[in-house]
Amino acid sequence: MHEPGQVKMTDEWDSAEIDLLAGAPEVGVVTGKSGLSARGTPIWIVRVGDQLCVRSYLGARGRWYQQVRRRGTGVITHDGRRWEVAFEAIGDRREEVDEAYRHEYGRRSPHVHTITTDGPAATTLRVLPLGA
C-alpha cells in the first residue's frame with residue numbers, strides 16, 4: 001500500500017467526482033503497467049462520508065487486490081475517464097462500509113451479501129486521488 005512521501009495525494013476528492021464515481025454501477029481498476037490503456041477489472045465503489053471505498057469480491061484472493069497491496073497505487077476508470085489513485089486501509093469502519101454496499105447495491109444485486117462477509121470486508125480500501 002502507499003507509503004507516505006512516495007506519492008502525492010490531493011487533500012480530497014472534488015464533490016462532483018465523488019458523486020460521479022459513487023453513483024456508477026461499477027468502475028474499473030487498473031493495477032499493472034500493461035493494462036494502462038484497458039478499462040480495468042470491474043469493481044464496486046461506495047461513498048462513506050466524503051471518502052470512496054472499494055473491496056475485493058474475492059477477498060484477498062482477488063488479483064487486482066493483490067496487485068494493489070504490492071504497488072499501493074492504480075487507476076480508476078469510468079465512462080472514458082481515468083483517475084490515478086492511491087489505496088490505503090480504511091481502519092475500523094466495517095459497519096459503515098457494509099451499509100454503504102447494502103444501500104448502493106442491495107436492491108440490484110444478489111452479490112451484496114458476499115461482499116459484506118468477512119473475507120471481502122477485510123480487503124476494504126480507501127481510494128485517494130493522486131496529485132499532479
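Predicted model: local features only at pLDDT ≥ 70, side-chain atom pairs only at ≥ 80, totals over all residues.
On helix α3 (residues 94–105; helices here are DSSP runs of H or I of at least four residues, strands are runs of E of at least two, both numbered from the N terminus), E95 and H103 are exposed on one side, where exposed means over 50% relative accessible area, buried under 20%, and partly exposed in between, with a 1.4 Å probe and protein chains only. Residues are numbered from 1 along each chain as its sequence is written, and side-chain values use heavy atoms, with hydrogens and water left out.

Staying with α3, the buried residues are V97, D98, A100, Y101 and Y105. Seen down the axis, they fall within an arc of 160 degrees, so they line one face of the helix, the arc being that of the directions from the helix axis to the C-beta atoms. These buried residues pack against β3 (45–48), β4 (51–54), α4 (112–115) and α5 (118–121), contact meaning heavy atoms within 4.5 Å. The helix lies across β3 and β4, running at about 120 degrees to β3, with axes fitted as lines to C-alpha atoms, for helices over the stretch in contact, and angles running from 0 to 180 degrees between N-to-C directions.

Which strand order does the sheet have? The sheet is open, with seven strands in the order β2-β1-β5-β6-β7-β4-β3 and antiparallel pairing, two strands counting as paired if DSSP finds at least two bridges between them. At the edges are β2 and β3, each of which pairs on one side only, and the twist averages 45 degrees from one strand to the next. Between β3 and β4 there are four bridges in the antiparallel sense, and V46 has C53 in β4 as its bridge partner.

Turning to strand β5 (residues 73–78), five of its six residues are buried. It pairs with β1 (residues 27–30) over three antiparallel bridges, V30 standing opposite V75, and it is joined to the antiparallel β6 (residues 81–89) by six bridges, with T73 partnered by A86. In the β5–β6 hairpin, which has two residues between the strands, D79 takes a positive phi near 55 degrees.

Finally, T31, in the loop between β1 and β2, counts as buried because its relative accessibility is 10%. Leaving aside neighbours within four places in sequence, T31 is in contact with W64, Q67, V68 and R71.

Definitions and conventions:
Expected span 1.5 Å × (residues − 1).
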